[in-house]
Amino acid sequence: MSKFDDRIKRELEQHTDVDVHELKDDIWNEINEELFEGSRTTMKRKKRWIPAILIAAAALVLAFTLQTDPGLALIKGIKDMFVPEKEIIQSIEGQDEPTEVHLNEGKDSEYIIYVDESRYKMIKGEDSDVITTIEPLPEKYPEVSMEIKQYPTDKPETLVKELEEKLKVDFPDLREVETVSEPVEGFWLHGLTESTWDGKVIDVYVISNGKDGSFVITENYFLEAAEGHGARFYHMLQSFEIIE
């Protein structure tokens with residue numbers, strides 16, 4: 001191990017809280033192996049997403065001088081990225097609301113997202129994952145869900161045009177497609193069936209998967225729930241991170 005590598009290791013250890021949670025220990029072990037001892041040849045499937053992030057994190061760490069403010073901020077950012085649970089402040093109906101969110105791993109370890117598990121659950125399917133209310137809503141309420149699906153071979157620019165045409169069937173007044181940077185960076189399609197309390201609302205985000213494909217995130221709720229479920233979906237989606 002070079003003196004520089006040793007220095008990086010010491011800095012990371014000094015700025016990493018120990019015994020906070022098992023996941024943090026796992027992450028540090030992975031960092032240690034990636035940086036100083038080489039990659040494992042076998043790995044538990046549940047943690048398969050870690051190395052991809054760690055490689056990027058290691059590269060970033062090496063790009064900074066760790067005694068500088070940016071270097072220390074980077075370390076804190078990496079630590080915050082992996083905490084299994086944390087509290088966020090989200091604005092719900094004009095009020096700041098402290099909310100505990102939990103780290104969830106998406107289908108085939110393709111992404112991570114923090115979920116408000118006091119209200120929602122993630123259901124993993126063969127083709128996509130769905131975040132929905134813990135208990136089903138009464139029949140009078142329209143669907144409330146956020147589906148996350150990857151299209152490995154469809155580029156966002158192509159996919160968004162196809163989705164726009166399909167959505168216009170059920171949402172004739174679909175807004176013009178917008179390019180957004182929040183809650184994710186990509187294309188945004190927004191539609192409303194009618195201006196009644198139970199009018200169906202749809203938000204679709206189409207983003208690059210970092211390769212040749214896309215992720216499509218589809219949020220369904222109703223007009224009266226825009227500042228409730230709609231706002232909570234928005235905040236959860238801000239934590240969405242692609243892993244592979």
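Q: Is Arg119 buried, partly exposed or exposed in this predicted model?
A: Buried means under 20% relative accessible area and exposed means over 50%, with partly exposed in between. The relative accessibility of Arg119 is 32%. Arg119 is therefore counted as partly exposed.

Q: Which residue meets the side chain of Arg119 in a salt bridge at 3.1 Å, N to O?
A: A salt bridge needs a nitrogen of Lys or Arg within 4 Å of a carboxyl oxygen of Asp or Glu. At 3.1 Å, the contact of Arg119 is with a residue that has a relative accessible area of 2%. That partner is buried, and its name is Asp116.

Q: How many residues apart in sequence are the parts that the pair Glu97 and Arg119 ties together?
A: The side chains of Glu97 and Arg119 meet in a salt bridge of 3.8 Å, N to O. Glu97 lies in strand β2, residues 95–105, and Arg119 lies in the loop between β3 (111–115) and β4 (120–124), so the pair ties together parts whose separation in sequence is 22 residues.

Q: What is the N to O distance in the salt bridge of Lys107 and Asp108?
A: Lys107 counts as buried, at 17% relative accessibility, whereas Asp108 counts as partly exposed, at 32%. Their side chains meet in a salt bridge, and the N to O distance is 2.6 Å.

Q: What is the phi of Asp108 in the turn between β2 and β3?
A: Strands β2 and β3 run antiparallel and are joined by four bridges. They form a hairpin, with five residues between them. Asp108 is in the turn, and its phi is positive, about 55°.

Q: Which residues of β3 point the other way from Tyr111, Ile113 and Val115?
A: In a regular strand the side chains alternate between the two faces of the sheet. In β3, Tyr111, Ile113 and Val115 point one way. Five of the five residues of β3 are buried, and those that point the other way are Ile112 and Tyr114.

Conventions: Residues are numbered from 1 along each chain as its sequence is written. This is a predicted model: local features need pLDDT of at least 70, side-chain atom pairs count only at pLDDT 80 or more; totals for chains, interfaces and linings use all residues. Side-chain values use heavy atoms; hydrogens and water are left out. Helices (H or I, at least four residues) and strands (E, at least two) are DSSP runs, numbered from the N terminus. Buried means under 20% relative accessible area, exposed over 50%, partly exposed in between (1.4 Å probe, protein chains only). Two strands pair if DSSP finds at least two bridges between them.
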